[in-house]
Amino acid sequence: MGYSPDMRPAADSFDYFHNGHNYQVAMTSRVSVATTDAYLTSCLAGLGIIQVPHHGVKQYLASGELVTILDDFTCPPLPLSVVYTSRRHMPKRISTFINWLTEQFA
């Protein structure tokens, strides 16, 4: 299954990290989607396999709706950024939220 947020034709690939190196294997897709919701929904409907961060699908893995495959070939962690206007005058709620995010994705 292919994912292209801007729906431009893109070369689909399976990306993985193994023995300290990143690899890409060209894949063909019969289904392409433009949103992460459509990507997940298509997989849940049995239209193919997806490669997504564990955190976003852990409830489906716990329920058995999704299963992992190729566990020895995982992606390196994706970076997560929080963008805000200024650290100098950061409201307490923003710093609390950033701390919560850090705990969630640790």
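**Close-up views of a predicted model**

View 1: Ala-34 is partly exposed, with a relative accessible area of 27%. Look for Ala-34 in the loop between strand 4 (32–33) and helix 1. The C-alpha atoms of Ala-34 and Gly-2 are 8.7 Å apart, although 32 residues separate the two along the chain. Keep in mind that everything here comes from a predicted model.

View 2: Which elements have the lowest and the highest mean pLDDT? Strand 1 (residues 2–3) is lowest at 74, while helix 2 is highest at 96.

View 3: A pair of aromatic rings is described by how far apart the centres are and by the angle of the planes. With ring centres within 6.5 Å counted as a pair, this model has three aromatic pairs. In one of them, Tyr-16 and Phe-73 sit edge-to-face, with 5.1 Å from centre to centre and 90 degrees between the planes. This pair ties together distant parts of the chain, 57 residues apart: Tyr-16 is in strand 2 (residues 13–18), and Phe-73 is in the loop between helix 2 (58–63) and helix 3 (92–104). Is Tyr-16 buried or exposed? Tyr-16 is buried, at 15% relative accessible area, whereas Phe-73 is partly exposed, at 30%.

View 4: Phe-97 and Trp-100 make a stacked pair, 6.0 Å centre to centre with 25 degrees between the planes. Why does this pair count as stacked? Because the angle is 25 degrees, and planes under 30 degrees apart get that name. Both residues belong to helix 3 and are three residues apart, about one turn of the helix. Phe-97 is partly exposed at 42% relative accessibility, and Trp-100 is partly exposed too, at 44%.

View 5: Strand 2 and strand 3 (residues 21–26) run antiparallel and are joined by six bridges.

**View 6: The largest nonpolar core.** In soluble globular proteins, nonpolar side chains tend to be buried together. Which residues make up the largest nonpolar core here? There are eight: Val-33, Tyr-39, Leu-40, Cys-43, Ile-50, Val-57, Tyr-60 and Leu-66. The top contributor is helix 1 (residues 36–44), which gives three of them.

**View 7: The largest pocket.** Rolling a probe the size of a water molecule over the atoms shows where empty space is left. The largest pocket has a volume of about 1600 Å³. It is lined by 43 residues, and those closest to its centre are Ile-50, Gln-51, Val-52, Pro-53 and Cys-75. Strand 1, strand 2 and helix 1 each supply at least two residues of the lining. Helix 1 has the largest share, with five residues. You've met Ile-50 already, as one of the residues in the largest nonpolar core.

How values were computed. Residues are numbered from 1 along each chain as its sequence is written. This is a predicted model: local features need pLDDT of at least 70, side-chain atom pairs count only at pLDDT 80 or more; totals for chains, interfaces and linings use all residues. Side-chain values use heavy atoms; hydrogens and water are left out. Rings of Phe, Tyr and Trp (its six-membered ring) pair if their centres lie within 6.5 Å; planes under 30 degrees apart count as stacked, over 60 as edge-to-face and the rest as tilted. Helices (H or I, at least four residues) and strands (E, at least two) are DSSP runs, numbered from the N terminus. Buried means under 20% relative accessible area, exposed over 50%, partly exposed in between (1.4 Å probe, protein chains only). A nonpolar core is a set of buried Ala, Val, Leu, Ile, Met, Phe, Trp, Tyr and Cys residues joined through side-chain atoms within 4.5 Å. Two strands pair if DSSP finds at least two bridges between them. pLDDT is the predictor's confidence in each residue, from 0 to 100. On a 1 Å grid over the protein atoms alone, a cavity is a set of points where a 1.4 Å probe fits but cannot get out, and a pocket is an open set with protein on both sides within 12 Å along at least five of seven lines; lining residues have an atom within 4 Å of a point. Grid points are joined across faces, edges and corners, and a volume is the space filled by probe spheres set on the points.
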